[in-house]
Amino acid sequence: MQNDELDEKVTIMEELMQGFVGRMNVVKTGMAEFSKAFLDQSAR
């Protein structure tokens, strides 16, 4: 019984981490685009 609960918790943590990594990739891409636009405007 304890192993089943532990396996379920590990699976949940893996899913949460995968979701977190996906969101961080979106943030990283957004920051790169924002930084480029900001620098382009500053150069003018």
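This is a predicted model: local features need pLDDT of at least 70, side-chain atom pairs count only at pLDDT 80 or more; totals for chains, interfaces and linings use all residues.
User: Which conventions should I keep in mind?
Analyst: Residues are numbered from 1 along each chain as its sequence is written, and side-chain values use heavy atoms, without hydrogens and water. Local features need pLDDT of at least 70 and totals for chains, interfaces and linings use all residues, while side-chain atom pairs count only at pLDDT 80 or more.

User: How many helices and strands are in the protein chain?
Analyst: Helices (H or I, at least four residues) and strands (E, at least two) are DSSP runs, numbered from the N terminus. Helix H1 covers residues 2-43. The C-alpha atoms fill a box of roughly 65 × 10 × 5 Å along the principal axes. The count is 1 helix and 0 strands.

User: What percentage of the 44 residues counts as buried?
Analyst: Buried means under 20% relative accessible area, exposed over 50%, and partly exposed in between (1.4 Å probe, protein chains only). Threonine 29, in helix H1, is partly exposed because its relative accessible area is 42%. For the 44 residues of the chain, the buried share is 0%.

User: What share of the accessible surface belongs to carbon and sulfur atoms?
Analyst: Accessible areas come from the Shrake-Rupley method with a 1.4 Å probe, and for residues only the protein chains shown count as cover. The accessible surface of the protein chain is about 4400 Å². The part belonging to carbon and sulfur atoms is 62%.

User: Which residues form the salt bridge, and how far apart are the closest N and O atoms?
Analyst: The structure holds 1 salt bridge (a side-chain nitrogen of Lys or Arg within 4 Å of a carboxyl oxygen of Asp or Glu). Lysine 36 is exposed at 54% relative accessibility, whereas aspartate 40 is partly exposed at 37%. The bridge joins lysine 36 to aspartate 40, with the closest N and O atoms at 3.2 Å.

User: What is the geometry of the aromatic pair?
Analyst: Rings of Phe, Tyr and Trp (its six-membered ring) pair if their centres lie within 6.5 Å; planes under 30 degrees apart count as stacked, over 60 as edge-to-face and the rest as tilted. A search of the whole structure finds 1 such pair, and phenylalanine 34 and phenylalanine 38 form it, with 6.3 Å centre to centre and 20 degrees between the planes.

User: What area does the nonpolar surface patch have?
Analyst: Patches are made of residues with over 30% relative accessible area and no salt bridge, joining like charges within 9 Å and nonpolar side chains (Val, Leu, Ile, Met, Phe, Trp, Tyr) within 5 Å. Among the members are Phe20, Phe34 and Phe38. Phenylalanine 34 is exposed at 53%, while phenylalanine 20 is partly exposed at 47% and phenylalanine 38 is partly exposed at 49%. The patch area is about 920 Å².

User: How far apart do the centres of the positive and negative sets lie?
Analyst: Lys and Arg count as positive and Asp and Glu as negative, with His and the chain ends not counted; each charge is placed at NZ of Lys, CZ of Arg, CG of Asp or CD of Glu. Asp4, Glu5, Asp7 and Glu8 gather in a surface patch of negative charge. The chain has 5 positive and 8 negative side chains, and the centres of the two sets are separated by 19 Å.
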